[in-house]
Every structure is written in C-alpha cells, then in structure tokens.
Amino acid sequence: MKLAKRPKRHHALLAAPLAALAGLPAWAAQAATTTGTTGTYTAATGGTGGPMPNQMTLQPAATQIASEIYSLHNWMMIVCLVIFVAVFGVMFYSIFKHRKSVGHKAATFHESTAVEIAWTVVPFLIVIGMALPATRTVVGMKDTSNADITIKATGMQWKWGYDYLKGEGEGISFISNLNTPRTQIGMPGSPATEKRGENYLIEVDNEVVVPVNKKIRIVTTANDVIHAWMIPAFGVKQDAIPGFVRDTWFKSEHTGTFRGNCAELCGKEHAFMPIVVKVVTADEYTAWVTTKKAEMAKLADDPNKTWTIDELKTKGEKVYAANCAVCHQPTGKGVPGSFAPLDGSPVVNGDKAAQIHVLLNGQKSGKYQAEMPAWKQLSDTDIAAVITYTRNNWSNKPEQNIVQPAEIVAARK
C-alpha cells in the first residue's frame with residue numbers, strides 16, 4: 001500500500017514546556033521575515049499536489065501551520081488511545097477476574113476521597129495538556145498580521161474569483177473555473193464519454209500563484225451562498241460568507257502545486273469548484289506578475305470602442321461557456337425549478353436595459369430556487385458580449401440585439 005510521506009521538520013510545539021505556550025508562536029509572529037528551506041512538494045504527493053490513492057493519513061504538510069496540526073492530530077490520537085486502552089483494559093480485567101462464576105461476590109463500600117480526587121485531577125491535567133498546545137496553534141493560525149501579499153477569494157456558484165489587494169501583484173484579478181472537461185464528467189442523465197484525467201475535478205483554468213516562503217493572507221467572502229476556501233496541505237480552511245469578510249493565512253515552505261476544494265455544501269455543482277495554488281520561487285513569481293498584468297492590460301478593452309455584432313457574439317460565447325453555462329446550460333434551457341432558461345426568456349427578448357440591470361445587480365424572482373448573482377466583477381466588454389450572445393442565440397430574436405461596452409459603463413453609474 002502506498003502511503004503519503006510527511007516531510008520531516010522539527011516540531012517545537014510538542015517539545016516546548018507548557019509555560020512557553022502563553023504567547024503567539026514564533027512562526028506566526030515572524031512569518032513575514034522568516035525564511036525556510038525551499039523543497040519540492042511534488043515528490044511527496046505523487047505529482048498531483050492533492051490526495052493520493054490509498055492515502056490513510058493527512059496530506060503531507062507544506063506549511064508550519066499544517067505541520068503543527070499534523071503533530072496535534074497524532075498527539076491527540078495517542079492520548080485518546082492510551083486512555084481507551086487503560087479504561088477498557090481495567091474494566092474488562094475486573095469483569096473477567098471478579099465474575100460471579102468463580103465465586104466472587106459484589107463488594108459493598110461507599111465513596112473514597114482519594115478516588116474522587118484522582119478521577120477529577122487526572123482528567124483535568126489531561127485536558128489542560130491537550131488544550132494548551134491546541135490553543136497556541138489556533139491563536140497562531142488567526143494571526144494574519146504582517147502579510148507579504150493579501151489576496152481576496154470570492155466564492156460564487158460555482159467558481160472562485162481572486163483579487164490581489166496588497167503586495168507584489170497588487171491589481172491582478174481573475175476568475176478560476178473548473179478545467180475538467182464535461183466529456184469526463186457527463187451531464188444529468190448522460191454518462192461521461194472520456195476517461196477521467198489524473199486531476200479529475202481538482203484542476204482549474206487559472207491557478208492562484210504565490211511566492212515561496214512569503215506570508216500570504218487570504219481574505220474570503222462570497223456573493224451568493226456560504227462557500228469555504230480549503231487547502232489541506234496548508235492546514236487552511238476558512239468559510240466565505242456573503243456580506244462578511246473572514247481571513248486566514250499560509251506560508252508555504254515548498255514550491256509546487258497544491259489542490260483543495262470548496263468545503264461547504266453550496267449547491268448542485270459544489271463538487272465542481274476546486275482551488276489550486278501554485279507556489280513558485282521569487283523570480284518566477286515576479287515574472288508571472290509581469291506577464292499577468294500585461295495580459296490584463298491587453299484584455300482591458302477601450303469601453304468606447306464600437307464592436308461589431310459578430311465580434312461580440314464570438315467573445316460572448318466564451319464568456320457564457322466559462323461563467324453562465326453551468327447554471328443556464330449550454331443549450332440555454334436552464335434547469336427546471338432551479339435556474340431560469342435564457343432560450344425564449346422575456347428578459348433576454350425584451351428591453352436590453354433590464355438584462356443589463358440583472359447582470360450588474362443580480363435578481364431574486366421567487367420563481368426559481370437559485371438566486372441570480374450580480375456579475376459586476378466581469379469587465380464591461382465581457383458583460384456586453386455575453387448579453388449580445390444570448391440575444392442572438394437559440395430561438396431569441398429581440399429587436400435590441402446588440403449591446404456595446406459603453407452602455408455597460410453608463411449603467412454602472
């Protein structure tokens with residue numbers, strides 16, 4: 001059986017005296033300046049950066065947080081096992097040795113002060129011995145100060161949006177979608193037509209890229225329902241709640257690819273919103289930032305440009321496939337009772353201002369279980385293109401069949 005190997009590192013947490021547990025862990029307070037050994041995480045995880053076949057333990061730790069969680073888990077399991085063996089051992093021994101069939105009679109005695117004190121003090125000491133190191137780690141996990149880079153992760157049905165808010169890469173923004181093709185997944189009532197790939201359901205089209213040995217603060221929120229941003233190898237799991245902001249952090253000691261998933265049941269496509277973080281060297285990260293900003297500048301089309309309907313339809317088809325097809329379906333038929341159809345929709349075939357309003361502000365009609373979220377994070381050109389695409393596709397034939405980016409700019413005001 002092939003098991004995941006845990007990278008070796010020193011665990012000061014369990015070796016430290018309890019008296020030293022009052023303050024923050026040094027690795028939390030000094031994370032912004034401390035540098036560790038850069039290793040290769042790929043070998044420890046079979047090259048996938050995620051769970052391995054037949055893996056029976058936690059994923060190999062790539063951060064000090066995850067390492068301490070791993071140690072705490074093992075420590076707690078040992079303590080619980082010792083208590084289990086001791087308690088049930090004594091109980092079964094007493095039952096067997098003092099059974100009635102060998103002549104023993106039940107004793108009659110009252111309480112013992114020594115026993116009362118023992119079974120109060122001993123469990124108390126055990127609980128304190130377990131709680132103090134756990135509390136120290138939890139406090140350290142919540143210390144998001146002195147971050148080198150701050151990234152906002154926005155959960156939405158069913159993808160993640162990322163905005164680099166502070167540090168190198170500030171201003172970068174993108175949407176991260178599941179990259180596993182539908183031919184490997186299948187559709188409701190239709191089986192898959194292709195063999196599953198190695199990273200089935202844990203691969204994305206846009207990875208989060210961060211530098212190694214840097215403290216990365218993740219600010220989480222959501223624009224529809226509760227999601228959760230989780231990377232097991234980092235020891236990170238933080239809920240993303242609509243209308244609220246939560247944060248967490250990690251500092252990877254290894255380069256490589258790390259995979260996780262949304263860890264809250266957020267709807268029918270819950271299994272289809274993975275999280276992939278790529279940790280690179282400082283030089284590689286700087287090069288990625290330069291390339292990414294150049295791509296964003298290229299995609300930042302002039303909103304005053306007048307597009308042809310064919311240009312908008314071509315671009316809109318791609319935007320629709322990446323952001324809309326999962327709910328409204330590639331056929332535009334929607335999902336009965338859950339998601340509205342766009343094919344034949346009175347909104348799509350009516351005044352274009354109404355459809356623009358829905359995309360910018362969202363809509364809760366009450367006719368369908370799922371709420372249409374706002375899509376303000378898309379560019380003006382993307383919104384104009386996808387509206388134009390839906391108005392000129394399937395059976396739709398509205399009089400107002402084209403929307404220009406300038407109209408979206410005006411509607412945002």
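1. The buried residues of helix 3 are Q64, I65, A66, S67, E68, Y70, S71, L72, M76 and V79; buried means under 20% relative accessible area, exposed over 50%, and partly exposed in between, with a 1.4 Å probe and protein chains only. Helices (H or I, at least four residues) and strands (E, at least two) are DSSP runs, numbered from the N terminus. Helix 3 covers residues 64-97, and its 34 residues should span 50 Å at 1.5 Å a residue, which agrees with the 49 Å between its end C-alpha atoms. The expected span is 1.5 Å times one less than the number of residues.

2. On provenance: this is a predicted model, in which local features need pLDDT of at least 70 and side-chain atom pairs count only at pLDDT 80 or more, while totals for chains, interfaces and linings use all residues. Residues are numbered from 1 along each chain as its sequence is written, and side-chain values use heavy atoms, with hydrogens and water left out.

3. Five strands form an open sheet with mixed pairing, in the order 4-3-2-6-9; two strands pair if DSSP finds at least two bridges between them. Strand 4 (173-176) and strand 9 (246-250) are the edge strands, each pairing on one side only. From one strand to the next the twist averages 25°, where axes are lines fitted to C-alpha atoms (for helices over the stretch in contact) and angles run from 0 to 180 degrees between N-to-C directions.

4. Strand 3 (residues 159-166) and strand 4 run antiparallel and are joined by 4 bridges. Y162 has F174 in strand 4 as its bridge partner.

5. The largest nonpolar core has 37 residues, of which Y164, W229 and V277 touch the most other members. Such a core is a set of buried Ala, Val, Leu, Ile, Met, Phe, Trp, Tyr and Cys residues joined through side-chain atoms within 4.5 Å. Strand 11 (residues 274-280) supplies the largest share of this core, 4 residues. Another core, of 20 residues, lies apart from it and includes A325, L360, I387 and Y389.

6. Not counting residues up to four places away in sequence, Y164 touches I149, T150, I151, G169, E170, G171, I172, F174, V208, V209, Y285 and W288; contact means heavy atoms within 4.5 Å.

7. N177 sits in the loop between strand 4 and helix 5 (182-185). N177 counts as buried because its relative accessibility is 9%. Leaving aside residues up to four places away in sequence, N177 touches K159, E203, V204, D205 and A322.

8. Backbone geometry to check: most residues other than glycine have a negative phi, and most peptide bonds are trans. The peptide bond from Q157 to W158 is cis, with omega near -5°. W158 lies in the loop between strand 2 (149-156) and strand 3.

9. Two asparagines have positive phi: N146 near 55° and N213 near 60°. N146 is in the loop between helix 4 (113-141) and strand 2, and counts as exposed at 52% relative accessibility. N213 lies in the loop between strand 5 (208-211) and strand 6 (216-222), and is buried, with a relative accessible area of 8%.

10. T281 lies in the loop between strand 11 and helix 6 (282-299). With a relative accessible area of 32%, T281 is partly exposed. T281 touches V212 and T255, not counting residues up to four places away in sequence. T281 and T255 are 26 residues apart in sequence and 7.0 Å apart in space, C-alpha to C-alpha.
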